[in-house]
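Trainee: Please take one part of this model and go through its packing closely. I would like the cut-offs stated as you go.

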Amino acid sequence: HRNVGPVLVDLANLHCQSGRVARGLALLDEALPLMSADYPDDPWRKAWAISVKGECQLRAGEAQAGAQAIAVSAPVIRLKWR
C-alpha cells in the first residue's frame, strides 16, 4: 500500500526523537525506496524522508551527513509548501 513509506518515515522520526537512532535509520533505509517508487510525481515526499534521515544522522553524531541531507532536501520541500 502507498501509505507504508510515509508510516515508516513517521515511525523512524519517533524512534530518532526517542533516542533509538539506529532503529530510526534502519526504517528510513526501508522507507526511502518506497517513497521514490510509490510517489514518483511527488518529489517532496522523498525529500521529507531525506530530511528526517538528516535529523537522525545529526542525533547520531553524523553532523556532516545530517547537514548535507537537510540542505539537499530543504529546497524540494520548500517548493511544495510555498
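Mentor: The axes of α1 and α2 cross at roughly 160 degrees and come within 8 Å of each other. Axes here are lines fitted to C-alpha atoms, for helices over the stretch in contact, with angles from 0 to 180 degrees between N-to-C directions. The two helices, α1 and α2, are therefore roughly antiparallel (over 145 degrees; under 35 is roughly parallel, 65 to 115 roughly perpendicular, the rest oblique). Their crossing is left-handed, meaning that the near helix is turned anticlockwise from the far one by less than a right angle; clockwise would be right-handed.

The model is predicted, so local features need pLDDT of at least 70 and side-chain atom pairs pLDDT 80 or more, while totals for chains, interfaces and linings use all residues. Residues are numbered from 1 along each chain as its sequence is written, and side-chain values use heavy atoms, without hydrogens or water.

On the α1 side, the contact with α2 is made by V4, G5, P6, L8, V9, L11, A12, H15 and C16. On the α2 side, V21, R23, G24, L25, L27, L28, E30, A31, L34 and M35 take part. Contact means heavy atoms within 4.5 Å. Sorted by class, this α1 and α2 contact holds 14 nonpolar, 3 polar and 2 charged residues (nonpolar: Ala, Val, Leu, Ile, Met, Phe, Trp, Tyr, Cys, Pro; charged: Asp, Glu, Lys, Arg; polar: the others, including Gly).

H15 lies in helix α1, which covers residues 4–17. Its relative accessibility is 18%, so H15 counts as buried (under 20%; exposed is over 50%, partly exposed in between, with a 1.4 Å probe and protein chains only). Apart from neighbours within four places in sequence, H15 touches R20, V21, R23, G24 and L27.

The next pair is α2 and α3. Their axes lie 10 Å apart, at an angle of about 165 degrees. That angle is why α2 and α3 are roughly antiparallel as well, and their crossing is left-handed. V21, L25, L28, D29, L32, M35 and S36 form the α2 side of the contact. The α3 side consists of R45, K46, W48, A49, I50, V52, K53, C56, Q57 and R59. The class count for α2 with α3 is 10 nonpolar, 2 polar and 5 charged residues.

S36 is one of the α2 residues in that contact. S36 belongs to helix α2, residues 21–38, and is partly exposed at 30% relative accessibility.

Leaving out neighbours within four places in sequence, R45 is in contact with P6, M35 and Y39. R45 and V4 are 41 residues apart in sequence, and their C-alpha atoms are 12 Å apart.

The remaining pair to describe is α3 and α4. Helix α3 spans residues 43–59 and helix α4 residues 63–80; they pack at about 155 degrees with axes 7 Å apart. That angle makes α3 roughly antiparallel to α4. The crossing of α3 with α4 is left-handed. From α3, the contact uses P43, W44, A47, W48, I50, S51, G54, E55, Q57 and L58. From α4 come A63, A65, G66, A67, A69, I70, S73, V76, I77 and K80. By class, these residues of α3 and α4 are 13 nonpolar, 5 polar and 2 charged.

Q57 has a relative accessible area of 11%, so it is buried. Beyond its neighbours within four places in sequence, Q57 touches L25, E62, A63, A65, G66 and A69.

For context, the protein chain has 4 helices and 0 strands (DSSP runs: H or I of at least four residues for helices, E of at least two for strands, numbered from the N terminus). The order from the N terminus is α-α-α-α. The C-alpha trace spans about 30 × 25 × 20 Å along its principal axes. Of the 82 residues, 33% are buried. Among contacts with a separation of 6 or more, 52% join residues 24 or more positions apart.
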